[in-house]
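Here's a quick walk through one protein model, for anyone meeting it for the first time. Take a look at the picture, then read on.

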Amino acid sequence: MDGVKLDYTMFDENIAANGGPGDWLGVNPFDPNYRVNPYPGINALREADPVNLTPVNTWRINRFDDIQTVLRSAKTSQTLANGLSPGFDPLDKRGSFLEFVLNKDGEEHARLRQMIVRSLNMKTVRAMEGSVIETVDEVMKKALADGGLDIIKDLAMVVPSRMVCAIMGIPEEDREMFDRLTALRTNGFFGRFLPLEVQQQLRQAGIDIADYFEKLVAKRRKSLGDDLVSQLIISADQDGIIPDEQLAVQAIGVIVAGFETTIGLIGNGCRALIEHPDQLALFREDTSRVNAVIDEGLRYDAPIHFIWRVLTEPLQLGEKLLPKDAVLWLHMASGNHDPLRFDDPEKFNIQRERNTNVSFGGGAHFCLGNQLARMEARHSFTQLAERTKNLKINPGEIVWSPSFFRVMGNYPVTFS
Ligand code: HEM
């Protein structure tokens, strides 16, 4: 993530260029201050305007039930009627996520999803669990010797980075390059709205990562292994021919989908525990509660604040009739704090009942890596709780990651 700097103030120029009649109502996700504590603003927005038209002509859907309605039953597409994405930079062509499973609808989506599921499933989770435990153990041993660690740089980044590279069969010496390219590619989901300078970095990263993966696919074709790229090739060949570039994009997409998001889950979850010592104490009393901690962490501070859909038919939500072709931003961070769904939603409460939240999405595109992410978080949270005492945040400002997801860039803590 180092070396990537976004200047979101330039986003104002994009707003002017888009010129929509909408209003951020004080909650502009491109404002750097938004990251510090967005929830009071988000709560006020949900109350004031549950279905809110933004200045970039997207509709923010803020209520939990409305988000579920869109995910489960509305007629939607991932792309605009012209085939382009509502969020991607149209010049970001090579290695573009347009070909990724997430951006496909209907039968094509089902076929690609099925192909990926054959290679990314509970078997993968079981196969990776031992090395995740080892990675967390290694991190904790060093941290105990040092009397502290940076939760993000030393733990939350290392676990998914090593795991995703292991799954793909990417050698250790290429991992740092991947961390950098992956962090840059994460910006692709909303690249259309980003400053020109970032768009250029994004396009270059797309070229570099596509070059690497297309070569990797060609290499694996000659000698299949038990990595995910080989599995994808086998799976794709069962389904008929998929061009190697499209195959490479699925692998790239899986890496990007599984990296920054998991940093968010581990980082935001650890932070919530550390900043709520009563809940950390409850967790320490009985670490078999870890799945409840994960669910509450995902709800309380979701790694992805919103995802998009395009309406292919008009949709009535509350008092508003949204037209066909409207671009929706499903505001999961808001849905997860909706008091109509969750009691006392501002409280981080690991004993919460009825905690099904929307952080992994829902419906046809429900996250394919959720079990993998949960497994990584399970070991990270448990070892942190069991092996440390007197966890304290090192004074200093949190620097937020420049990506559009809700991920801290650092979170140094000390302990005994
Ligand atoms: C805490 C970590 C994660 C979060 C919060 C998360 C969140 C999400 C969300 C919200 C979606 C749905 C997007 C939409 O409907 O528009 C999604 C889809 C997806 N995720 Fe995850 N994800 C996480 C980890 C992972 C991991 C570890 C992987 C793989 C290694 C992964 C792979 C995918 C894939 C392939 C899709 C597309 C599924 C489809 O389009 O059918 N995710 N994720």
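The largest nonpolar core has 104 residues, and Met168, Ala251, Leu330 and Met332 have the most contacts inside it. A nonpolar core here means buried Ala, Val, Leu, Ile, Met, Phe, Trp, Tyr and Cys residues joined through C-beta atoms within 7 Å. Helix H11 hands over the largest share of this core, 15 residues. Helices (H or I, at least four residues) and strands (E, at least two) are DSSP runs, numbered from the N terminus.

Before going further: this is a predicted model, where local features need pLDDT of at least 70, side-chain atom pairs count only at pLDDT 80 or more, and totals for chains, interfaces and linings use all residues. Residues are numbered from 1 along each chain as its sequence is written.

So who does Met332 meet? Leaving out residues up to four places away in sequence, Met332 touches Ile67, Ala302, Ile304, His305, Phe306, Ile307, Val358 and Ser359. Contact means that the two C-beta atoms, placed from the backbone, lie within 7 Å.

Now the sheet. It is open, has five strands in the order S1-S2-S8-S5-S3, and its pairing is mixed. Two strands pair if DSSP finds at least two bridges between them. S1 (51–53) and S3 stand at the edges with a single partner strand each, so one side of each is left without a neighbour in the sheet. Helix H3 (residues 64–73) packs on the sheet and touches S1, S2, S3, S5 and S8, with its direction making about 125° with that of S8. For that angle, axes are lines fitted to C-alpha atoms (for helices over the stretch in contact), and angles run from 0 to 180 degrees between N-to-C directions.

On to the ligand. Of the 23 residues around it, Gly258, Gly361, His365, Cys367 and Gly369 come nearest. A residue is near a molecule if its C-beta atom, placed from the backbone, lies within 6 Å of it. Which helix gives the largest share of that shell? That's H11, with six residues. Helix H4 (106–117), helix H11 (244–275) and helix H15 (370–387) each supply at least two. By class, the shell has 15 nonpolar, seven polar and one charged residues. Ala, Val, Leu, Ile, Met, Phe, Trp, Tyr, Cys and Pro count as nonpolar, Asp, Glu, Lys and Arg as charged, and the others, Gly among them, as polar.

Ala156 sits in helix H6 (residues 151–156). Is Ala156 buried or exposed? Ala156 is buried, with 28 other C-beta atoms within 10 Å. The cut-offs are 20 or more other C-beta atoms within 10 Å for buried, 12 or fewer for exposed, and partly exposed in between, with C-beta atoms placed from the backbone. The C-alpha atoms of Ala156 and Glu260 are separated by 9.2 Å, though the two are 104 residues apart along the chain.

Most residues other than glycine have a negative phi. Leu25, not a glycine, has a positive phi of about 50°, and lies in the loop between helix H1 (11–18) and helix H2 (39–48). Asp325 isn't a glycine either, and has a positive phi of about 75°.
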